[in-house]
Amino acid sequence: MRTIQYTKGGKLIAAKVIDNDTVQPINVEGGIIAAAQNAIDENVSLADWIDSHLEQRTESYQLIVDEERLLPPMTHSQPAQCLVSGTGLTHLGSADTRSNMHAQMSGSAESQLTDSMKIFKLGVEGGKPEQGKVGALPEWFYKGDGHTIVAPGSSIPAHGFSLDAGEEPELVGLYIIGNDKKPYRVGFAIGNEFSDHVTEKGNYLWLAHSKLQYSSFGPELLIGDLPENLTGQSLIHRGDKTAWNKEFLTGEANMSHTISNLEHHHFKYEQFCQPGHMHVHYFGTSTLSFADEFTTQAGDIFEISIPEFGRSLCNRISKNVDAGLISVNVL
């Protein structure tokens, strides 16, 4: 099952995707997050709850897109109660790009490995543990709260002080914390985990700064099991031409960690298990235009697609004006 969210008459509407041209609204106030909370309370699957609460009418998917009414497929009414985070070095092939960013070393001796390669090696060796066991600890980073989420089709603003505005095509896990303080996975979406790779390349300890960017996911939420092997396309359009294009692989068959291991190492922290809170978690990638020495610019349009997720995720780059030196007011 795939769902979307959009606005109509100033109201939030959640709908089931029937096909590429048709969606069927869900009879729920508060969108997908409210539907998920109801499914938890009633102890039923989200897909079953949605199917039993569909309205009889349908709407034009294309009209919603054309009128720029699409929203992220899951949102929280209180953006500060939504945590956006991610894990890196999780995909086979992802380490070379990162390692080359941070150092130029050769050889296979442990002492010669970059920190990125060491983390990647740990994941390859222990990121897919036996059922019931804890696997290797992945890299983890914070991106912001719900205020940093950009709707599909809207522009992603790059900070004026950023040195790069680069895409990262990824899977995104969307979660809600139940009243029992347990995490519940609502579904998956296509994501663009937008980052400043030039700052990261300057010093790997600046990775945390490089990740404090806006990001986007959607337009569709995939509810249910995630296929193990997924092939997508990441494109950058400039004017009427495609300036960069590359295939990317994701899903657990192409990852050094299981999704469950990445989830464990995120939700093992009690502070991330506050009832009613929402989590957006990016699962990493191995494909970046930056790795091909491509430089984006304002006006470029990112397009990321995976057939199993329906329509493409598209966002244009905009550039914020640098606020200059920030002065703190003394009380």
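Visitor: Which residues does S195 touch, not counting residues up to four places away in sequence?

Guide: S195 touches K143, D164, A165, G166, E168, S210, K211 and Q213, where contact means heavy atoms within 4.5 Å. This is a predicted model, in which local features need pLDDT of at least 70 and side-chain atom pairs count only at pLDDT 80 or more, while totals for chains, interfaces and linings use all residues. Residues are numbered from 1 along each chain as its sequence is written, and side-chain values use heavy atoms, with hydrogens and water left out.

Visitor: Where is S195 placed, then?

Guide: S195 is in the loop between strand 11 (183-192) and helix 6 (197-202); helices (H or I, at least four residues) and strands (E, at least two) are DSSP runs, numbered from the N terminus.

Visitor: Is S195 buried or exposed?

Guide: S195 is buried, as its relative accessible area is 0%; buried means under 20% relative accessible area, exposed over 50%, and partly exposed in between, with a 1.4 Å probe and protein chains only.

Visitor: Changing topic, which strands pair with strand 16?

Guide: Strand 6 (residues 82-86) pairs with strand 16 in the parallel sense over five bridges, and strand 10 (residues 169-177) runs antiparallel to strand 16, joined to it by five bridges; two strands pair if DSSP finds at least two bridges between them. M278 of strand 16 is the bridge partner of C82 and also of I176.

Visitor: Why call strand 16 largely enclosed?

Guide: Five of the five residues of strand 16 (residues 278-282) are buried, so the strand is largely enclosed by the rest of the structure. M278, V280 and Y282 point one way, whereas H279 and H281 point the other way, and all are buried. In a regular strand, side chains alternate between the two faces of the sheet.

Visitor: And which residues of helix 5 are buried?

Guide: The buried residues of helix 5 are S116, F120 and G123. They cover an arc of only 55 degrees around the axis, which puts them on the same side of helix 5; the arc is that of the directions from the helix axis to the C-beta atoms.

Visitor: How many helices and strands does the chain have?

Guide: The chain has eight helices and 18 strands, and of its 331 residues, 50% count as buried. Among contacts in the chain with a separation of 6 or more, residues 24 or more positions apart account for 74%.
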